[in-house]
2 protein chains.
Amino acid sequence: VQRNNKQDNAPILQALNNYLEKNYVSFHIPGHKNGQLVDQELLAMFQQQLFCFDLTELPGLDDLHQPEGPIEEAQKLGAQLFGAEETFFLVNGTSCGIEAGILSLCRDGEEIIVPRNVHQSVAYGLILSGAIPRYVPVEVCPKTGLALGPSLFKVEETLKLYPKAKGLVLVNPTYQGVAPALKDLVKLAHHADLPVLIDEAHGSHFCFSSSLPPSGLEAGGDLVVQSTHKLLGSLTQTSLLHVQGRRINRIRLKGYLKMVQTSSPSYLLMASLDGARRNMALKGKKLWEEILEEVREIRRQINALPGLDLLDEEDLKGTGFLLDPTKLVISPRGIGLSGEELAKILREKYRIQPEYADNNHVLLIVTPGNSREDLNKLVVSLVLIAKEYGEISDRKVKKIDFPNPPIGKQEVSPREAYNRQFVLLPLPETIGEIAAELVCPYPPGIPVVCPGEKITAEAVDYLRQAREVGAKIRGLDKEGRIAILS
Amino acid sequence: VQRNNKQDNAPILQALNNYLEKNYVSFHIPGHKNGQLVDQELLAMFQQQLFCFDLTELPGLDDLHQPEGPIEEAQKLGAQLFGAEETFFLVNGTSCGIEAGILSLCRDGEEIIVPRNVHQSVAYGLILSGAIPRYVPVEVCPKTGLALGPSLFKVEETLKLYPKAKGLVLVNPTYQGVAPALKDLVKLAHHADLPVLIDEAHGSHFCFSSSLPPSGLEAGGDLVVQSTHKLLGSLTQTSLLHVQGRRINRIRLKGYLKMVQTSSPSYLLMASLDGARRNMALKGKKLWEEILEEVREIRRQINALPGLDLLDEEDLKGTGFLLDPTKLVISPRGIGLSGEELAKILREKYRIQPEYADNNHVLLIVTPGNSREDLNKLVVSLVLIAKEYGEISDRKVKKIDFPNPPIGKQEVSPREAYNRQFVLLPLPETIGEIAAELVCPYPPGIPVVCPGEKITAEAVDYLRQAREVGAKIRGLDKEGRIAILS
């Protein structure tokens, strides 16, 4: 055991304290917004004796991996509230639910249909399961350059191309709040008796208002995974997995849930799920209707500001896609700012912390944890910023706007690609090689190259252009190289 | 959204409150013992504004999956304290570290050497990786019937039998505190240039006293996973993974750590690791030396009680195994009680909560979170119980004492066994079939049948006997059936 003065430090504690000193208004996840959207009994319990509640599988406290007491009961109440047949508490995030879902649907070499804009956890599920992805290209919003999702037509086409597929993955909604034609998509899949796994990380609130897009369970999804922490007030890292119908092998699913979650799950995390479920059951409808009313109002106000472009329901009219209005996607190019620049100004000058920013836009997330004061502060700040920077007709910030990226041929499964030796090669030299890793530019956040795919000239060209206009590219190292199988 | 009165309930909150009302003295994990062994700044922060610290990857707060700020710094301080080259914070328990370790060592079809008494997470690592286990039989303690671990001789033999193996897994110590001849075992493996993965879930405190068995890192382990929450005061579900040397492919390891952990890791969990590390760095040596002194004293007192048999260092003399004295393994058969009966009396009459009990023994875990008062209460209770039940020469509680269980032939990999269809068959009818699941009696806690193995007549006989004397058998359903490949 070495010791020196530095061991006196606790860098994470320090960073958290520094962060709190800034007193930011939260327009990001987690949805409880500094404890404003929390079950009150839970809050009191944790404030009084947090560590006393950090217990383990003791008599009377049940076992997450074999529930037959309070955890089983809490999960049943969850199923009842959300309309599932069976609900599982997750302490390793939505990520682990997606992985367990894919593992329960596909074995090595079996096919699964996934839209191209899925979350990293789907890619991980593919690697762990050994499944072969069959990608559906996704539509891109002409106004914002954002990935919308797969169209009904493209999904239908893909289902026909791969009749042996074992499942369909859908996202409801995207990070930026765009929901696909979920009911029709699920119907299509069920017509082929294909189970549908829905990544509802950003849509756990949909069942609490009829003016929000339909929820995954309502649309008939067989397996729906929700990030309760993102919008419904539980602690970060807690999620729910819902199941309904006969298409999911629940024995397999339960088996894999044990593998992707610790054998020592935190009772603090599980209690926070139980509390969030109760709070939402008792107040969810009222809270979400109220905040939706507020959101409509500030949307009107932001829309009235010259030079700030807010993604609106109208922008999606006729596309088949729906918008979750609680996610505010603002493009500030009309006032000569990039999304990153606007985020920086909001953060540093107005102490407003957005959820995400890239060249094109800023994303702000509203939940019932936000007060009217928070919303007013946001609008006032945007008014001042719009005034200060002024509307400019000659837009100096180039919008990154791309067509749909090409999809290469799947030469080997992602599992095999991940397990084989790789080398790093400069982008232009990779044409014809097999990719070892995912390469994805933000915006639009649609992967251009996925593990196991042959890299095309079009893909290299697409990435080169994205790089030139300043997109952040995941999977491209500082020297501009990507990983290919050696 | 359905609603009824039951949604007013929060069963997990209720169970936690009920549990706390009983005011048990904790001789179980987590090691902080109701917040007695916690970094004081962390405790104050969490008490004041827990939910405010439940943040996410915001500017200045770094990213667990790509650390270059406070998380990186905190991990480096962890590596410095424990003597690793690189340390990773885990928010999905030691389980996920073991899985990522096995995934980084083995690909589909590659061999790995594992002792027969490994934790479930090793079995999961085998399933996820597709590796083929080559089991080392483990020694059984003649006095207690407990699994001790693999002997030097048996490991050497197995290494010779499987020269193509990609790694060796070791446990340091077992749940009951038995540590193997770690330094010699690691040397053996390194002589064959084989990386060693050490499951140190129950040994994170070893580096804080020279009178404890050697730590995995000290013994030269390449990859060491510790349950910080079990003994060093962090929140449940938090662990550390340490790496040293050139035998581990760290790029692969980091890749798999992303897969087995959520993309939304909890800052509360990470902060508690940071705090526990600091607390242990500043006070660990003193705290563990002090509690070890107390433990030696109460061991003397318990040993003096007639009819209570405490597993002692002397019992292991000449076996090559060492004992962690902070784990108290008490057999009450000399006073006519089973382990389960003693645990019940301790719990219900004396408000002392043990960690574990089975037919043979009770396990109590002591950490610096226990006060002298806790320890006195335990001794006084045991004195009263020994007096009340009296020493009996005619032991009416049958000790479950078995030879080493047989090991069947590995017909298919655990991954394949797990992925194929299975049926449930009554135990006597399974001879010659291939097992789909693990079957393990407690005691001795050594699997008799593992996934993918051919079931032998000896195995069936062993399980039948274990069942007759009242062992709990995991993998055997209520009707006495086990899962085999169909």
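Two strands count as paired if DSSP finds at least two bridges between them; helices (H or I, at least four residues) and strands (E, at least two) are DSSP runs, numbered from the N terminus. This is a predicted model, in which local features need pLDDT of at least 70 and side-chain atom pairs count only at pLDDT 80 or more, while totals for chains, interfaces and linings use all residues. Residues are numbered from 1 along each chain as its sequence is written, chains are lettered from A and ligands numbered from 1 in the order in which they are written, and side-chain values use heavy atoms, with hydrogens and water left out.

**Exercise 1.** Determine the strand order of the open sheet of 4 strands in chain A, and state which strands stand at the edges.

*Solution.* Step 1: the order in chain A is 12-14-17-16, with antiparallel pairing. Step 2: strand 12 (309–310) and strand 16 (356–357) of chain A each have a single partner strand, so they stand at the edges and one side of each lacks a neighbour in the sheet. Step 3: strand 12 of chain A is joined to strand 14 (residues 327–331) of chain A by 2 bridges, and Asp309(A) has Ser331(A) as its bridge partner. Step 4: helix 10 (residues 267–303) of chain A packs on this sheet, touching strands 12 and 14 of chain A (contact means heavy atoms within 4.5 Å).

**Exercise 2.** Describe how helix 6 (residues 152–161) of chain B packs with helix 7 (residues 182–191) of chain B.

*Solution.* Step 1: the angle is about 10 degrees and the axes lie 10 Å apart; axes are lines fitted to C-alpha atoms, for helices over the stretch in contact, and angles run from 0 to 180 degrees between N-to-C directions. Step 2: helix 6 of chain B is therefore roughly parallel to helix 7 of chain B, a term for angles under 35 degrees. Step 3: Leu152(B), Val155(B), Glu156(B) and Leu159(B) of helix 6 meet Asp184(B), Leu185(B), Leu188(B) and Ala189(B) of helix 7.

**Exercise 3.** State how many residues each chain gives to the contact, and what area is buried between chain A and chain B.

*Solution.* Step 1: chain A gives 109 residues and chain B 108 residues. Step 2: the buried area is about 9500 Å², of which carbon and sulfur atoms give 61%; buried area is the accessible area (1.4 Å probe) that two parts lose on being put together, summed over both. Step 3: in chain A, the residues losing the most area to chain B are Gln7(A), Phe51(A) and Met259(A), together 9% of what that side buries.

Technical notes:
Parallel < 35°, antiparallel > 145°, perpendicular 65-115°, else oblique.
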